Amino acid sequence: MKINTHSNHRQLIRLQGSLDWCYQQCEQYIANTALPYFWLGDAPEKIFSTLYKQILGQETSLLIINAHQQFDPNLFAASEGTLRGGGTLILISPSEISNKDHFYTYIYKQLIKADFLTISEGSNTPIPLLTNSCAPRLQLDQQKTAIEAITKTVTGHRRRPLVLTANRGRGKSAALGIAAKQLIESGIQKILVCAPSKAATNTLFKHAGISVHIEFIAPDLLLDEKPSCDLLMVDEAAALPVPLLEALTIHYSRIVFATTLHGYEGSGRGFALRFQKRLKEIAPQSRAMHLDQPIRWDRNDPVEQFTLQNLCLTETQTDSPVYDKLHDTKFELITTQQLLANHSLLTEIFSLLVIAHYQTKPSDLEKLLNDATLSTLVLTQHKRILAVALVCAEGEIEQQLAEQIYQGKRRINGHLVAQSFTFHCAQPQAATHKYARIQRIAIHPAIQQQGLGKHFIDKLTYWAGSQQFDHLCASFGASAELLKFWQAKQFQTLRIGSSKDKSSGVHSFIVNLPLSDKGKALHLLLKQQFHDQLLVQLSRHLQQIDSELVFSLISELSKTSYQHPLLTSYCSGHLLYEFAEFHLINLIINSDLSLLAKSQQRLTIQKILQNRSWAEVCQNGEYTGKKQAQQTLRISIKQLLTSTNQIEE
């Protein structure tokens, strides 16, 4: 075990012993050094403890984390970024870790492997005093280059958006704020700042200062109103839906996207893979810049390396797998013991999950190792992982508790789908069924679009059936592309969330594939209930849902031939839209809308099914006015009627 001697690296010291002894050591150290500090977690009576979210954006030379009862990965990953170069992190830990806490057992082993100094109770070894408590040497060269690149987005050619990526602690948000301040001082009139939440822009506005020329705007409001500006800054872009980012890129000619690639808030690597590829298609002259130089500490800092490597926030270093369609794949269940025994396997699996989902946090690693309801399933070939899925076992809730959930008196942890079907769909028996919910599914980016996802679902379906599950299901932030994927494997939508998910910006869908006889009976009942309500919901709280998604959704409805004289009168121009509306709705849900052009599909869905105003329909379809939109709608309806021989030419 060693003490770090690099002057601008941070050091971690682990205290191992009884809680009272650890408290005594820390209090003595605080008194001896007289340094300002942050203490996180439970603390002695005379010590002030704070929440980690309250110290983000601040810095200190001494950080004390109480991990005696449990190791909080989100707290650790977030708070260590406040420790400046040369500072000390004291980790309070117990003498022994419970063998039931697989995650803390894993962390314990990695701390030993990292060779940090450990001081155990009874050793009479004092905590070494700081040798470097002076102000940090700020590393600002890359940040200055980033500020210049942001400025050029405004002063240079149009349609050359900038994508700024960085690990946490590289000064990305500060660079945005400094650049904004300089641009305003140079005469720029309006800068809009967008992010998943206003709190996410605190650092940016701290450096930009207060000005009438810069303001925050929420993503949904920005997309709806599209106000004009000289520059649009989108911070933490990875946490916003890709379709929203695409729409902003198309509308705004001067835009900067910034996101964290490795951070406690989630990962931006999926963003880097998915959006930047699409960005090159929309704006071929787009630019990219990555900040990798830490500002407050030097490169290869041991504390940062521990966080990134052992909380699995960095990519695996192995080459991308190759999928050979001529050879069989292997489907297998990976146990917790296998993950604990093989760090490279754990990193490879978790890294793949991170790439596929921007919300993945360090705490998800804890769930992966500790949650007994989770099954980790992989698809391999030639001993390489091609795909991974996390499947959560839900349901099998005893009848009395199921009745309380149905009545809204109880809400238990987990069991997302089982409880939703029980409470929201008013089916008390639903909670007693056994569900396999696909919580995450990821195909390696290098081998996507080769049919592996559907092949993997087939394997998961067989596995779930062999485990006597009644249902195989999933809940996700819906897009037309995603819904089509599930529909292709015979999953059907049984519920749509009433409001948009805060993180994805879209409505959550629950799709289901019944496996057992009783599962099929419940599925049929829920499907009919959902279809009975869908048309009303589309014209109300689902009115703004994407028309392509509605197109995929109504394909699940059973269809029958529909005709009425009022439809003929409407197409001829004799009857007003309002007098044919009921029959138009019935025609649309019973027709094959793929017979229409995309623009016609959007028009018929938005006006007839979603009851949007003519003004909104005209704006979305770029019609010159209500008259043109009405004429196009009549032509579209006539096409549908003609195709099914329901109207005479």
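**Salt bridges**

Modeller: A salt bridge joins the side chains of R278 and E246, with 3.2 Å from N to O; the term means a side-chain nitrogen of Lys or Arg within 4 Å of a carboxyl oxygen of Asp or Glu. R278 belongs to helix α9 (residues 269-282) and E246 to helix α8 (residues 242-251), so the pair links distant parts of the chain, 32 residues apart. Helices (H or I, at least four residues) and strands (E, at least two) are DSSP runs, numbered from the N terminus. R278 counts as partly exposed because its relative accessibility is 30%; buried means under 20% relative accessible area, exposed over 50%, partly exposed in between (1.4 Å probe, protein chains only).

This is a predicted model, in which local features need pLDDT of at least 70, side-chain atom pairs count only at pLDDT 80 or more, and totals for chains, interfaces and linings use all residues. Residues are numbered from 1 along each chain as its sequence is written, and side-chain values use heavy atoms, leaving out hydrogens and water.

The whole structure holds 16 salt bridges. In one of them, the closest N and O atoms of E304 and R170 are 2.4 Å apart. E304 sits in helix α10 (residues 302-310) and R170 in the loop between β6 (162-166) and α5 (172-185), so this pair ties together parts 134 residues apart in sequence. E304 is buried at 10% relative accessibility, and R170 is buried at 6%.

Another salt bridge pairs R440 with D364 (3.9 Å, N to O). R440 is in strand β17 (residues 434-443) and D364 in helix α13 (residues 362-370), 76 residues apart.
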